Amino acid sequence: MKLTIKSTLAALVASTILAMPVSAELSGDLKIFLDTSNPAPRATMEEMIGRFQEKHPNMNIETTVIDREAYKTQIRNFLTANSPDIATWYAANRMTPYVKAGLFEDISDLWSDTVIGEELASTKGAMTIDGKQWGVPYTYYQWGIYYRKDIYEDLGIKEPANFDEMLSNCQKVVDAGMKCYTIGTKWLWTASGWFDYLNMRTHGFDFHMELASGKVAWTDARVRETFANWRKLVDMGAFVDDHQNKDWQQSLPLLVNGDAAAILKGNFAVAPLREAGLDDSKLDFHQFPEITAGVALAEDAPTDTFHIPANAANKDNARAFLLHMASAEEQTIINNGANLGQLPVNSKASIDDDKFLQEGFAMLSSNSPGGVAQFFDRDYPAEMAQGAMEGMQEFMVFPDNLDDILDRLEDMRADVYK
Amino acid sequence: MFPKPIEKSTRSAQLAYQALLPVTLLLWLAPLIAVALFAIRPAVDFTTGNYWGVPSELQFFENFGQVLNSAMPRYIMNSFFITIPTVFGAVGLSAMAGFALGIYKFKSNLFLFFMFIAGNFVPFQILMIPVRDLTLDLGLYDTKTGLILFHIAFSTGFCTLFMRNFIKALPFELIEAARVEGVREWQIFFYIVLPLMKPALAALSVLIFTFIWNDYFWAIVLTQGENAQPVTAGITSFNAQFRAMYHLMSAGSIVAALPPVAMFFLMQKHFIAGLTLGAVK
């Protein structure tokens, strides 16, 4: 069985590469599953697929859009049961369960033989498991601190260059009767954003990834140092109260109404904040400052991807689609401000003329020497991430429970990485 | 047993009652009021924290227009295509099963009846994986037919309990008289029992309609996309990648709730009858 699949695949790959100059017209079916359920991203993707359809008018393309959250629970189901030819997903460890289960197609050929390998090289690492590539990214976005410029100016605060300045800034904000950072940890991932940054700034990208791969104990002294830095912020009252009862959207009003001065968040927070009246004179962005001097700065930049399921019926059409989607031209269009409003992965694509996208791009391309992480719940195995994020939320509310929490996570590590 | 009528209590108790009633009512209805209010708000109100205040802008037409322009009408049609056949299937089958269990005396009658009741005690969550695998093997996964068949199978247990008790309460002399006249068994069912069962049929149909319409669990287990999913599952398509579109979800929920609510008001009498039928003899 294995042999036949492998040889069929090999034959397919070979025939694809040999028989298919990029411009050749293709026919047959292509079934696409998308999780871009929002009106704007949905329209963006449908237009991008429409342009692919124009190139191949005889292809019968069927697109299904599934709500993003439902998609996460359905993916295992449809990859085994009712496989599409193209499916959206996420980079790095989030792919691992499907790669290990043999549900994603190995598309190393696209990475080695086409422009993808060259123009999308920056994300090759995040798409690689066991030395092979399993997907092609279409967008990513930066994380960082979005702050109220007007409040900072009123208080005479500048963007902090290191952790001490961050703390002294925060003290001024607290003294003025506000909170430094708004956060809603009801959906746990927001807390792990803080952990990502505190850990990568305290000990660096490599340590963060060693912890992700289970090589370092959660009870390690270095992990405790990270939490000790976090505790400085918690103890001084940097975070808004009652955050465990708010989701991230419910944490935004505090920033809009001036109860909090900043938020650590991905670039997707900009759109709702702008809608709520924070224009560029009131909202600004800065990189998370250095904590341990000499540790190379590393960033979180979650990347969204397309994959070919291993059970797909029309893999050569799917490969052609990935090539179309990865092109500089398409990535420029789908990521521009009117569409996704994020950063294209293709290095030849151009970035939208938006202040935050430009700043994010500059930061990621020139000021992130340590590396680029995907985000806690994408880099860490799902089970470990879930437990750890629960622990982080608990820590932010009851910092004294830290020893318990770390012991618990250490037990969990023994199970997860068996 | 029955509460004392309020007119018979003291004046102070009456006053307290009159004061507390509206407050309780408001509290009780708060979630519904929130949904109604959210449905006419613009998205920006959720970012500025204006959850309960006056909407910054009335967006009744925009929100509902967007809902109707999305895939919602499709999902609502799916709901009808799933709910109506299920009601007919479940009620029809259970009327026949109820007739058999209520009229004929055979050895395993009571045992069979208990089996139907026992089915109601199985928590449906434990059926999730076997049923999903079964629909997959039958090629019914992600189809309306699969969902309908499962709903019929699962609701028939409860319906049969209901029908059997109703038929059992009919005067048996009617059937004996018909048999003496030489009426065939299937004619007894169609011409004597079925007309007498009208109230039960109506009540049960209304009840099953609302049950099936409101089903969310099986909708997400057995179906995937627009082609088969009912509206309860479709509402979540207003969940964005990063943001939940509370205003659209609220507007969508209102639209989705209209058919069962209309059903309830139109058939109110039967609905109440359905809840108490068989409870008292």
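Predicted model: local features only at pLDDT ≥ 70, side-chain atom pairs only at ≥ 80, totals over all residues.
Let me start with a pair of strands in chain A: strand E6, residues 136-140, and strand E12, residues 303-307, pair in the antiparallel sense over 4 bridges.

Now let me turn to the backbone, and to two residues in loops of chain A. Ala92(A), which sits in the loop between strand E3 (86-90) and helix H4 (96-100), has a phi near 60°, a positive value in a residue other than glycine. Is Ala92(A) buried or exposed? Ala92(A) is buried, because 24 other C-beta atoms lie within 10 Å, and the cut-off for that class is 20 or more.

Asp242(A), found in the loop between helix H11 (221-235) and helix H12 (248-256), is likewise not a glycine and has a positive phi of about 65°. Asp242(A), however, counts as exposed, because it has 10 C-beta neighbours inside 10 Å, where the limit is 12 or fewer.

Finally, the contact between the chains, where 20 residues of chain B meet 24 residues of chain A. On the side of chain B that touches chain A, helix H2, residues 44-48, gives the most, with 4 residues. Sorted by class, that side of chain B comprises 9 nonpolar, 9 polar and 2 charged residues.

How values were computed: Residues numbered from 1 in each chain as written. Chains lettered and ligands numbered in written order. Contact = placed C-beta atoms within 7 Å. Nonpolar A, V, L, I, M, F, W, Y, C, P; charged D, E, K, R; others polar. Pairing = 2+ DSSP bridges.
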